[in-house]
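Open the model in your viewer and keep the selection tool at hand. This tour goes stop by stop.

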Amino acid sequence: MVARSLIKLLYLFTVLLLMAGPSQALSGAGGGEWNYSSTLYVQDNSGVDLSGYQINILLNSSNFDFTKADPHGKDIRFESAGKQLDHWIENWDQTVTTASVWLKVPLIKAKSGSEIKMYYGNPLAEDVSNGDLTFELFDDFSDSRLEYAKWESQTNGGGKLEFSLGACNLVVPVKHPNGFSVIKSKKDFPINSSLVVKRKKVSNGADTRGPILQQGFVDPQSETKNWILMQTEQNNEAIATWTIKNQKANLRYNPWDLSDVNIQNNVWYISETAWYQEGEELNKVAWFKNGVRDPRMDVVSTEEKPYVPATNMKVFLKSNTYVEGTPNTGYMSIDYLFVRKYIAQEPTISFSATQAEEQPAQVIEDIKVPELVLPEGKVLAIRYFGVEDYDEAILNRFNATGVNMVFLRITEDSIWRAERFIKNAHENNIKVYAMLFVPEGTNETLGKEQLLSTVNAILDYNTKSLAKFDGVDITLDPCTEDTEQACQDNMLLLEEVRKTTTDRIPLVADVPISYDMGELSTVSNNIDLFVFLAYDSEKQLNTINAIADALAPKMGEARGVNSKSMIDLMVSHLPAEDATTSELVRSVYDYYSNDPAFTGIVMTLESDYSQMVPISEEDTKEGTQNKGIPGFGIVPVIIGFVLVSHIKKGKR
């Protein structure tokens, strides 16, 4: 009896440890353990869900004991909902007990709070601070060069780029009426973005005013079309000015001498230019010095005075001489810069009321997830919406879980921006299918024309690019109110798409769970592969028995007409990161192992589920923001599809 009681106590203690610590091991432990943890809370103030949003954690002696952490913050870690979060340490000063850490949070729900655990106190921990994973764009110029994948540059009149002590210098060293040095990002960004630059002005010519400096955003195709540039000049950058152009409204706006930076020559400071939208078509810009907003620099673009453009733009930094050719030589020195998401009513961050009584962190060994071995010849696919924010870390996660096909959300405007992703995917033996929707709110004819136009653009791209799409995936109208009519419309649509492609590219059709497969079997000759969804607005099938029972008629019809099919599962995590998901995926493969119609599984992540809303025709106009993914108007089928904010998370 005593032995049995001891076993029960040990079991209970183990369960308590599991509940107390993070759900998975933190990265870069170095063989050590995290001895301390505390809790912080993030509260949304904007009224909209924020996905992949960067927040700034400011630590000081009132909310953090620096003596219990690494002197440089190497052991700091953050976790939310069982996932380790990406972070970047902007500065860490144990002597004065202050630190600034940027953290990328997968989802901050509208008007609600998120709890985040902070771990520290591991003397063996490695530094995992990573700006590239935390921000939309990041560069600290630590390689003493301009990274070709991130930047393009231009110089004139003696202007040049120099690198010194981990900084990039935009130099104008000689007297010239049009001398300049420019760097511009290769990636473009949407409105609701902010460019943060740690910079200084260095004057070294006879004219102590030094060079004119600009930072902000410019049009991706031509700098002369649209721009939002914050410009400074004179000694101590005493004149701060906006220079704004909106080609769509045919307007230029140059409010002069709005503020004074008041930073002496050769002194570092943080300059932030925020470009954002409030309400409908209310575009704004703001400027921050060392994190403090200067209201004199606020500009509001209204319907009557639409100064501020809303089209995607690239990051732009420039150092140049005066037009009259005075010897105002010198340079802009950039220590680091990043682009973050921005919203006017930013989240509020608070610490636990019991912060001073920090508790030892009960960090347990990571629960090992059994490796998923993909059956030979079968497909494991995932839906991915983040081509705009793609980086190599995403493919690393795909590879880790065995993904060999990606359904990539594509619009006609984003086709060429997908080329780098497709090329890298192919190098990793991953096929890429373009995933297409018809915008809600369009009439039947216009919706069909838009989709066919995109299909034609994909075919044209495939004739010109070395990284071709491997197929096209069409998401069918789920229309549960009149499924029979929806099926008839979809049959006509699929016939039109096949006529357009003329067998030049494989076609896939996503079939809602509400459909009778018999209605679609008549067009099976037009489709190379069906994807049967195992979820809808009312239910999410998450056991093999429920899936097999619900999809039995569809799979039977597919076998009857010799069609190939995949099963689309909505999952909370990737199989390599979650034992429950791994077991579900494995059980589906096992159950259908001898089914001639079954070719594999598509995974749709349920993260960011609630914020996904359909886009209407009006919402697709230039400048509309904070909308969901274009679809047919039935939210539940669309909302489950994965966002990059979740893909980029998880244990590295």
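**Before you start**

This is a predicted model, in which local features need pLDDT of at least 70, side-chain atom pairs count only at pLDDT 80 or more, and totals for chains, interfaces and linings use all residues. Residues are numbered from 1 along each chain as its sequence is written, and side-chain values use heavy atoms, with hydrogens and water left out.

**Whole chain**

Show everything as a cartoon. The chain has 11 helices and 32 strands. Helices (H or I, at least four residues) and strands (E, at least two) are DSSP runs, numbered from the N terminus. Of the 652 residues, 56% count as buried, meaning under 20% relative accessible area with a 1.4 Å probe, protein chains only; over 50% is exposed, and partly exposed lies in between. Take the contacts (heavy atoms within 4.5 Å) between residues at least 6 apart in sequence: 74% of them join residues at least 24 apart.

**Stop 1: the sheet of 5 strands**

Select E4, E3, E7, E1 and E24. In that order they form an open, antiparallel sheet. Strands E4 (83-84) and E24 (348-351) are the edges; each has a single partner strand, so one side of each is left without a neighbour in the sheet. Two strands count as paired if DSSP finds at least two bridges between them. Now zoom in on E3 (residues 77-80) and E7 (residues 113-120), which pair antiparallel over 3 bridges. Pick Phe78: its bridge partner in E7 is Met118.

**Stop 2: the sheet of 7 strands**

This open sheet runs E9-E12-E22-E14-E15-E16-E17, with antiparallel pairing. Color strand E9 (151-156) and strand E17 (251-253): these are the edge strands, each pairing on one side only. From one strand to the next, the twist averages 15°. Inside the sheet, select E14 (residues 212-218) and E15 (residues 227-233), an antiparallel pair with 6 bridges. Val218 has Trp227 of E15 as its bridge partner.

**Stop 3: strand E32**

Is E32 mostly covered or uncovered? Select residues 598-605: the strand is mostly covered, with 8 of its 8 residues buried. Ala381 has Val602 in E32 as its bridge partner.

**Stop 4: helices H3 and H4**

Select H3 (residues 392-401) and H4 (residues 419-427). Their axes come within 11 Å and cross at roughly 35°. Axes are lines fitted to C-alpha atoms, for helices over the stretch in contact, and angles run from 0 to 180 degrees between N-to-C directions. Show side chains: Glu392, Leu395 and Phe398 of H3 meet Arg420, Phe421, Asn424 and Ala425 of H4. By class, this contact has 4 nonpolar, 1 polar and 2 charged residues. Ala, Val, Leu, Ile, Met, Phe, Trp, Tyr, Cys and Pro count as nonpolar, Asp, Glu, Lys and Arg as charged, and the others, Gly among them, as polar.

**Stop 5: helices H8 and H9**

Finish with H8 (residues 544-560) and H9 (residues 579-591). The axes of H8 and H9 come within 10 Å and cross at roughly 45°. Ile544, Ile547 and Ala548 of H8 make the contact with Leu584, Ser587, Val588 and Tyr591 of H9. The contact of H8 with H9 has 6 nonpolar, 1 polar and no charged residues.
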